[in-house]
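Dear colleague,

I am passing a structure on to you, with its sequence, and below it you will find notes on what turned up in it. Please open it alongside the text as you read.

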Amino acid sequence: MDKGSVVEGGVVEGGVVGSPLTTGLSGQVLVAADETCIAEVRDLVSRLDAIQSRSRRTRGQIFIEVASAADIELLETPELITVTWLARDVRTGDPGTSTACAPGQALGRSVRAWVSEMCTGDAEFDGTEITAVVFGDTESISDLRLDLIAQLGVETAESAAL
């Protein structure tokens with residue numbers, strides 16, 4: 001059963017990232033990005049804002065991981081989309097340790113927690129399709145993509161085609 005789609009953002013050329021989202025998306029959107037892809041997130045938000053209407057309202061969550069709290073900037077979003085900035089300099093790595101938070105670590109924890117909280121796996125109960133957009137090309141972000149594909153029930157070939 002298809003419970004969503006995963007768009008591999010940030011490494012796709014030619015503006016393909018926005019295309020699936022501008023054709024009929026009215027469910028939930030989950031966006032994950034690191035500090036190298038803030039411009040792509042801004043572009044995606046402007047596309048989401050452009051398709052909002054009274055009868056078609058996308059809701060969702062954007063997670064952006066940055067090196068420090070000083071890197072956080074204003075990002076205006078449509079009404080039902082929330083942004084969470086994840087600054088590595090104020091987080092620890094593995095829970096219960098005092099190690100520094102590695103790039104992608106806070107993003108991965110936050111996205112996985114959101115999916116486990118917001119997605120029951122029952123399409124009838126969840127009510128809408130979920131589109132996950134992952135920007136970045138580090139190993140931890142690639143692992144996150146694979147986890148989302150597994151958790152949301154999307155085949156790898158389908159996500160690559162988008």
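A salt bridge joins Arg112 to Asp147, with 2.6 Å between the closest N and O atoms; please bear in mind that this, like everything below, comes from a predicted model. The two residues belong to distant parts of the chain, since Arg112 sits in helix H2 and Asp147 in helix H4 (residues 139-152), 35 residues apart. Arg112 counts as partly exposed, with a relative accessibility of 27%, and Asp147 is likewise classed as partly exposed, at 30%.

A search of the whole structure gives five salt bridges, and two others deserve a description here. Glu65 pairs with Arg88, their closest N and O atoms lying 2.8 Å apart; because Glu65 is in strand S3 and Arg88 in the loop between S4 and helix H2 (105-118), this pair ties together parts that are 23 residues apart in sequence. Asp43 and Arg47, in turn, meet through their side chains at 3.0 Å, N to O, and, as they are four residues apart in helix H1, about one helical turn separates them. Asp43 is partly exposed at 37% relative accessibility, and Arg47 is partly exposed at 28%.

Where does the largest nonpolar core have its most contacts? Of its 19 residues, those with the most contacts inside it are Val31, Val41, Ile62, Ile64 and Phe135. At least two residues of this core come from each of S2, H1, S3, S4 and S5, and H1 gives the most, with six residues. Leaving aside residues up to four places away in sequence, Val41 touches Val31, Ala33, Ile62, Ile64, Leu75 and Phe135. There is also a second, separate core of 18 residues, among them Cys101, Val111, Cys119 and Leu152.

With best wishes

Terms used. Residues numbered from 1 in each chain as written. Predicted model: local features only at pLDDT ≥ 70, side-chain atom pairs only at ≥ 80, totals over all residues. Heavy atoms only, no water. Core = buried A, V, L, I, M, F, W, Y, C linked by side-chain atoms within 4.5 Å. Buried < 20%, exposed > 50% of the residue type's maximum accessible area, 1.4 Å probe, protein only. Contact = heavy atoms within 4.5 Å. Salt bridge = Lys/Arg side-chain N within 4 Å of Asp/Glu carboxyl O.
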